[in-house]
Every structure is written in C-alpha cells, then in structure tokens.
Amino acid sequence: QVELFCVNNLINCSLESNEEFIFMEFRFALRDNGMRAAFQLLHMVLEHNVWLEDAFDRAAQLYLSYYRSIPKSLERATAHKLMVAMLNHDERFVEPSPHSLEKLTLQSVKEAVMNQFVGSNMEVSVVGDFTEEEVESCVLDYLGTVSAAKSSNKEEHIEKISFLPSPSDLHFQQVYIKDTDERACAYIAGPAPNRWGFATEGKDLFNDIRSSSADEISAPANSGKTHINVRNHPLFFGITLSLLAEIINSRLFTTVRDSMGLTYDVSFELNLFDKLDLGWYVIAVTSTPSKVKAVILSLSYFVLLLLISTFCDLDARSIRLLMRAKVFSEVYITTKLLKGSWIGQRGHC
C-alpha cells in the first residue's frame with residue numbers, strides 16, 4: 001500500500017540510519033498536492049506505523065547474510081577486524097553478529113525505533129520551490145496532529161564508547177583470506193575528535209585552544225574593520241579537520257604511491273560525528289603481499305611525521321581552492337538535478 005501510494009503521488013521515499021540518526025527522506029513533485037501527500041505519508045509513519053513479523057524476519061536474515069559475507073571480502077574482513085579491535089569489541093559500529101541478532105525481538109526493535117520518533121528529538125528540513133504558507137499548512141495539518149509521546153519512567157542507559165587501551169595484542173593483526181589473485185590491503189586507524197571539537201572522555205578541545213593562545217587578535221584602531229578569531233567559531237574543528245584530511249591525502253599520494261611506488265591506491269578518511277564525543281581516522285592502502293609490510297612501516301613513519309610536521313600556506317591555499325571547487329560543483333549539480341546536498345549542508349548548521 002505504501003509503494004502504491006508513493007507511485008500514485010510521484011514520491012520517492014527512503015528510510016536509512018547510521019550510528020547517530022534515523023533519516024526519512026521524501027522526494028516529491030510539487031504539482032497535484034505533492035507536498036501534502038508527502039506530509040501525509042510522514043504522518044502515517046509517525047502515527048499509524050505497522051510492524052510485521054515476517055518483515056522483521058526478512059530484515060534479520062538480510063543482516064545475517066551481511067555478516068556471513070564479511071570473510072569473502074578482503075577489504076571488509078580487514079576493516080571489520082580493525083573496528084572490533086579499535087573500539088574494544090563494541091558491536092554498535094560493526095555488522096551485528098548472529099548471537100546479537102538472535103536476542104532481538106519485534107517488540108524490542110519497535111520500541112527502540114519509535115522511542116526516537118518524538119517531537120523533541122526530531123528535525124524537519126524542507127527544500128524546494130514553494131511558499132511559506134504551503135509549508136506551514138502542511139506542518140500544522142500533518143505534524144501538528146501527531147499525538148505527544150508518552151513519558152517513560154524507565155531511565156535510558158547507554159553503554160559508554162571507549163577505545164581499546166594501548167598497548168594490546170589486538171593493535172597489530174594480520175588476516176589471511178583465500179583469493180583468486182595475490183593482493184593485500186592494510187588499515188591504520190586511531191581516535192579523533194568529533195565535528196564540534198569534543199574528544200573521548202568528554203574533553204573539549206576548544207578549552208585547550210583558548211588556554212594555549214591567550215593573546216586575542218585585535219584590529220588596528222584606524223582600520224575600521226572587526227577581526228574575528230576564527231578559532232572560537234563552532235565550525236572551526238570541522239572545517240580544519242576537512243582541510244587537514246585533504247592535505248594528508250595529497251601527501252600520501254606523493255610519498256607512498258608516487259615516490260616509493262609501494263601501493264596503487266591509498267586514502268585518508270575521517271569519520272566525524274555530530275552527537276557522539278568521538279571520531280576516528282582511517283588510512284587504507286591496497287598493495288601486494290610482498291610489499292604490504294613495507295607499506296605499513298612507511299605509513300607508520302608517515303603518521304609519526306605528521307605529529308612534528310608543519311603545513312605551509314601553499315598547502316592550505318591549494319586545498320582551499322580544491323574544496324571550493326568541490327562545493328561549487330556539488331551546488332551546481334544538485335541545483336540542476338536533485339537539490340539533495342542542500343539538506344546535507346543544513347544538517348550541520
């Protein structure tokens with residue numbers, strides 16, 4: 001019935017989740033009351049949702065097949081071992097195991113999901129060519145009529161997320177998998193702050209910046225301009241870490257791949273969270289079994305050099321130009337096609 005309703009009203013509906021959020025995305029045509037139809041569908045999901053036992057069984061079998069397919073992929077098996085070791089066997093960031101899936105019931109899953117769908121825990125972003133009156137009318141008619149969530153007397157307990165202390169036997173692991181071709185991959189990972197400058201144990205890195213640089217930036221009296229200390233901006237860490245990731249990627253390609261010739265693919269990625277007080281970086285390389293140990297030694301030395309190296313203005317300028325071109329490209333493409341990145345950009349405002 002939901003698929004038929006979406007087809008009849010030209011609605012593309014998707015429901016996804018990650019470690020922090022549950023996303024419901026509705027893409028619709030504005031003609032023929034398309035917006036009201038999308039809000040009506042959202043109202044039905046929040047107010048009159050249906051949970052079926054056979055659908056739950058199919059979803060459990062799907063995740064079970066995902067878990068069983070991990071050893072069949074060299075990259076997935078290595079990444080899975082890495083995440084389990086780094087996060088101290090915390091299964092919330094990896095594929096659920098068969099033992100964890102067996103503990104789930106339809107009622108427990110329903111409660112876990114629907115407890116998130118409450119007014120104080122939701123944010124609605126609407127992007128498109130419409131008037132303010134149209135949006136207000138839909139919000140009042142379909143979201144304003146959603147019943148208030150029942151107060152729960154049971155206090156929610158969330159297990160703390162922690163990285164595996166060092167040193168440990170799990171910090172250096174090798175995984176051997178049968179494959180048709182001789183190839184190898186290596187991952188180096190470690191903790192990082194989240195998008196807003198919070199690290200593990202609730203440490204606020206903005207306090208470290210303020211304490212280390214007590215001198216305030218002041219403008220000359222005759223300049224007539226107001227200088228702002230960008231290090232106090234809430235997005236300072238998110239933007240700085242993005243620039244740093246691009247600089248590190250550029251240096252990795254120059255040293256490990258081009259100069260040494262040890263790998264044909266290398267990347268540096270940052271996983272930055274919004275609500276969780278942690279993050280991590282991952283360096284991934286693809287090489288051959290005869291060179292992979294040399295690659296790991298080179299990457300370890302490269303990471304140590306990052307701690308003492310400095311970045312010049314040329315690095316920053318070139319990366320700023322590259323990221324500016326990426327942003328303009330995304331804005332142009334999505335403006336012409338789907339306008340999807342606008343919601344993504346608004347999510348971090």
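User: Which residues of the largest nonpolar core touch the most other members?

Analyst: This is a predicted model, in which local features need pLDDT of at least 70, side-chain atom pairs count only at pLDDT 80 or more, and totals for chains, interfaces and linings use all residues. Residues are numbered from 1 along each chain as its sequence is written, and side-chain values use heavy atoms, with hydrogens and water left out. A nonpolar core is a set of buried Ala, Val, Leu, Ile, Met, Phe, Trp, Tyr and Cys residues joined through side-chain atoms within 4.5 Å, where buried means under 20% relative accessible area, exposed over 50% and partly exposed in between (1.4 Å probe, protein chains only). The largest such core has 19 residues, and those touching the most other members are Ile248, Leu252, Phe268, Ile283, Val285 and Leu299.

User: Which element supplies the largest share of this core?

Analyst: Helices (H or I, at least four residues) and strands (E, at least two) are DSSP runs, numbered from the N terminus. At least two core residues come from each of β3 (184-192), α9 (236-259), β4 (265-272), β5 (279-287) and α10 (292-308). The largest share is six residues, and the element that supplies it is α10.

User: With which residues is leucine 299 in contact, leaving aside its neighbours within four places in sequence?

Analyst: Contact means heavy atoms within 4.5 Å. Leucine 299 is one of the core residues that touch the most other members. With its sequence neighbours within four places left aside, its contacts are Ile188, Leu252, Val256, Ile283 and Val285.

User: How many residues are in the second, separate core?

Analyst: Nonpolar side chains tend to be buried together in soluble globular proteins. The second core is separate, and Met83, Phe93, Leu278 and Val282 are among its members. Its number of residues is 12.

User: How many residues lie between β4 and β5 in their hairpin?

Analyst: β4 and β5 run antiparallel and are joined by eight bridges. In β5, tyrosine 281 is the bridge partner of leucine 270, and threonine 286 is that of aspartate 265. The two strands form a hairpin, and the number of residues between them is six.

User: Is threonine 78 buried or exposed?

Analyst: Threonine 78 is in helix α4 (residues 74-86). Not counting residues up to four places away in sequence, threonine 78 touches Cys185 and Tyr187. Because its relative accessibility is 15%, threonine 78 counts as buried.

User: What is the area of the nonpolar surface patch that includes Leu307?

Analyst: Patches are made of residues with over 30% relative accessible area and no salt bridge, with like charges joined within 9 Å and nonpolar side chains (Val, Leu, Ile, Met, Phe, Trp, Tyr) within 5 Å. Leucine 307 lies in helix α10 and counts as exposed because its relative accessibility is 68%. Tyr301, Leu304, Leu305, Leu307 and Ile308 make the patch, with an area of about 590 Å².

User: How many residues apart in sequence are the parts tied together by arginine 36 and aspartate 141?

Analyst: A salt bridge is a side-chain nitrogen of Lys or Arg within 4 Å of a carboxyl oxygen of Asp or Glu, and the whole structure has seven. Arginine 36 and aspartate 141 form one of them, at 2.6 Å from N to O. Arginine 36 lies in helix α2 (residues 34-47) and aspartate 141 in helix α7 (residues 132-143), so the parts tied together are 105 residues apart.

User: What separates arginine 58 and aspartate 54 along helix α3?

Analyst: These two residues form a salt bridge, with the closest N and O atoms of arginine 58 and aspartate 54 being 3.6 Å apart. Arginine 58 and aspartate 54 are four residues apart in helix α3 (residues 53-68), so the separation is about one helical turn.

How values were computed. Accessible areas come from the Shrake-Rupley method with a 1.4 Å probe; for residues, only the protein chains shown count as cover. Two strands pair if DSSP finds at least two bridges between them.
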